[in-house]
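I opened the model to look up a few things: strand pairing, cores, some loop residues and the disulfides. The entries follow in the order I made them.

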Amino acid sequence: VDVAISLVLADAGDPRRIIARLVNDINSTVTRTVCAEQCDGRCYGPYVSDCCHRECAGGCSGPKDTDCFACMNFNDSGACVTQCPQTFVYNPTTFQLEHNFNAKYTYGAFCVKKCPHNFVVDSSSCVRACPSSKMEVEENGIKMCKPCTDICPKACDGIGTGSLTSAQTVDSSNIDKFVNCTKINGNLIFLVTGIHGDPYNAIEAIDPEKLNVFRTVREITGFLNIQSWPPNMTDFSVFSNLVTIGGRVLYSGLSLLILKQQGITSLQFQSLKEISAGNIYITDNSNLCYYHTINWTTLFSTINQRIVIRDNRKAENCTAEGMVCNHLCSKDGCWGPGPDQCLSCRRFSRGRTCIESCNLYDGDLTTVQSAPTSRMAQTVWKNVQTAYKEQTVSFSSMLIRIGSAIRATQTAPKGQDISLSYSVKWQILKRTPLIAAGVIGGLFIMVIVALTFAVYVRRKSIKKKRALRRFLETELVEPLTPSGTAPNQAQLRILKETELKRVKVLGSGAFGTVYKNNYLPVHECYTFIEITCTESLLKVPFNLNFFSPQGIWVPEGETVKIPVAIKILNETTGPKANVEFMDVSVDTSQPHFYPLLIDCL
């Protein structure tokens, strides 16, 4: 500041000399007008080592790409780069493109990790509108440009963009360019010179009927500016399908401006769901009602958006004249009169219209005033799907009701449009193969589970029988013989008392007590154990045709459970009783009987 003041005082009479001396002073301390030849005209000192980075533009304070005062191409977090990190990078090892997790998008002269919410991603750039060969889609909350698979939704240039760059308002000379447009890339502006004509430029007044071309518009990427409107139109119902105002371009910070429209009584933006950026300015509309019922913040995408609504018709005057929301509307408000102007419904909705109840669930015919056939068919089908999923109606009764409703279209009373269409029945019938496939698949899974369980039980049974055979035929090979013949003591198995489980007392006698199991199949072989616990020996013969339950033996280290009969001699029995018990003969001719001798420790 001191340098500038001194220069002005010294050269107060010649501004050109002041500017020249300022430039020379800056160059002498920062960029240097005389650089080494290798520096390409950009340096911060007179030497070869004082060159600026090649991505710098307009000088630097050092040799690195972060020392630039301005970037030649793009600024990536303070560093000047030739291009932003791409979404895909080439891997020379695998010879493939791989996703780059450090990718950034080009936004003006900067590299950003995420595009602004009101812009669209096209490849690796943030753009205001997709090119004509692509359409805008939303994936994972990100608006992206994707190539059209067929005919693209029609996108048209807005006022001041593309083919309408020189236009200042919608008028009779350009309104035909908006026919069948679903998206306006830019802005829509309605001024008095467009609505009422411009004699100076030989432009006639616009025909109000031609404004209906905007009924197909679903999105405006820029702003909507209405400062003039035909006096015989009391609302903006031509924008009834407008869903989004993008605000990528703003008018003095505004994305929606409605000013001084004395004939407007309601807005009727019944499909509007989002105002992505910019503020709202609705003022000096002396007959406008319903505006005060709307919670405008639900339409905003950012917290810094503002609302300026003033000098319209007072809310109490609107209420006094009955200009209030329909009783089927929720507390979110409405855009105008009628159940089709609600922001949300208090009970049910059919399409965009709020209703008291869904008569389709009770089998009643649906009465709709002037509803398009295809739209009604889609609405009915959606309601039927919901009812079927929630099990409000069965599939068979659903078919009967829809079929009856379709047949009723031939004899519907005058004034009733029961536009269910055969496409509804076709979609329901088309779902039948899916249900049949699901039932067959479920039965198949049940059969597989049953077979698996049967194989498991079978394998377990075979394992048990093999274990029994091994113990009864291989390991326990030396039975207790009549007293005349001594057994081979070396073949006797040492049995621990913990391996035996006495389930239930079968009976008792002179020798001792016999224990039994809860159940033993008749077809299995029964094992009788002779035990020398507390100087006792056991051998119990039974007739297996009437005796089935016994005890359980679980050999140590095994998982198999062997049914056995366990008899324990009383401790009070003497040696004589033991000898008598040993002399008991056993009938070994029984096919389900194994006479064995086991010692218990």
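**Entry 1: the parallel sheet.** I looked up an open sheet of five strands and found the order β13-β15-β17-β19-β20, with parallel pairing. Its edge strands, each pairing on one side only, are β13 (188-190) and β20 (307-310). From one strand to the next the twist averages 5°; axes here are lines fitted to C-alpha atoms, for helices over the stretch in contact, with angles from 0 to 180 degrees between N-to-C directions. Two strands count as paired if DSSP finds at least two bridges between them. Strands (E, at least two residues) and helices (H or I, at least four) are DSSP runs numbered from the N terminus.

This is a predicted model, where local features need pLDDT of at least 70 and side-chain atom pairs count only at pLDDT 80 or more, while totals for chains, interfaces and linings use all residues. Residues are numbered from 1 along each chain as its sequence is written, and side-chain values use heavy atoms, with hydrogens and water left out.

β19 (residues 279-283) runs parallel to β20, and the two share four bridges. Ile282 has Ile309 in β20 as its bridge partner.

**Entry 2: a hairpin.** β9 (residues 134-139) and β10 (residues 142-147) run antiparallel and are joined by six bridges. I noted Lys143 in β10 as the bridge partner of Glu138. The two strands form a hairpin with two residues between them, and Asn140 in the turn has a positive phi of about 55°.

**Entry 3: the cores.** Next I listed nonpolar cores, meaning sets of buried Ala, Val, Leu, Ile, Met, Phe, Trp, Tyr and Cys residues joined through side-chain atoms within 4.5 Å. Buried means under 20% relative accessible area, exposed over 50%, and partly exposed in between (1.4 Å probe, protein chains only). The largest core has 46 residues, and those touching the most other members are Phe178, Leu188, Phe190, Phe214, Leu224, Trp229 and Phe239. At least two residues of this core come from each of β13, β15, β17 (254-259) and β19. β13 supplies the largest share, three residues. Apart from this core lies another, of nine residues, including Cys318, Leu328, Cys329 and Cys342.

I took Trp229 for a contact list, with contact meaning heavy atoms within 4.5 Å. Not counting residues up to four places away in sequence, Trp229 touches Phe190, Ile195, His196, Leu211, Asp235, Phe236, Val238, Phe239, Gln261 and Ile264.

**Entry 4: two loop residues.** Is Thr221 buried or exposed? Thr221 sits in the loop between β14 (219-220) and β15 (224-226), and it counts as buried because its relative accessibility is 4%. Leaving out residues up to four places away in sequence, its contacts are Arg128, Lys183, Ile184, Asn185, Gly186, Gly246, Gly247, Arg248 and Val249.

Ala36 lies in the loop between α2 (15-31) and β1 (74-76). Ala36 is also buried, at a relative accessible area of 12%. Beyond its neighbours within four places in sequence, Ala36 is in contact with Pro46, Tyr47 and Val48.

**Entry 5: disulfides.** How many disulfides does a search of the whole structure find? The search gives 13, a disulfide being a pair of cysteine sulfur atoms within 2.5 Å.

Cys56 is joined to Cys68, S to S 1.7 Å. The torsion about this S-S bond is about -65°, so the disulfide is left-handed. Both cysteines lie in the loop between α2 and β1, so the pair ties together parts that are twelve residues apart in sequence. Cys56 is buried at 0% relative accessibility, and Cys68 is buried at 15%.

Cys289 is joined to Cys318 with S to S 1.9 Å, and the link is left-handed at -85°. It connects distant parts of the chain, 29 residues apart: Cys289 in the loop between β19 and β20, and Cys318 in helix α4 (residues 315-320). Both cysteines are buried.

Cys329 is joined to Cys342, S to S 1.7 Å, and this link is left-handed at -65°. Both lie in the loop between α4 and β21 (348-350), so the pair ties together parts 13 residues apart in sequence.

**Entry 6: a record.** An unreviewed UniProt entry lists residues 434-457 as "transmembrane region"; its positions are given in the numbering used here, feature names are shortened, and annotations may be inferred rather than shown by experiment. In the model, residues 434-457 are 100% helix and 0% strand, with the end C-alpha atoms 35 Å apart.
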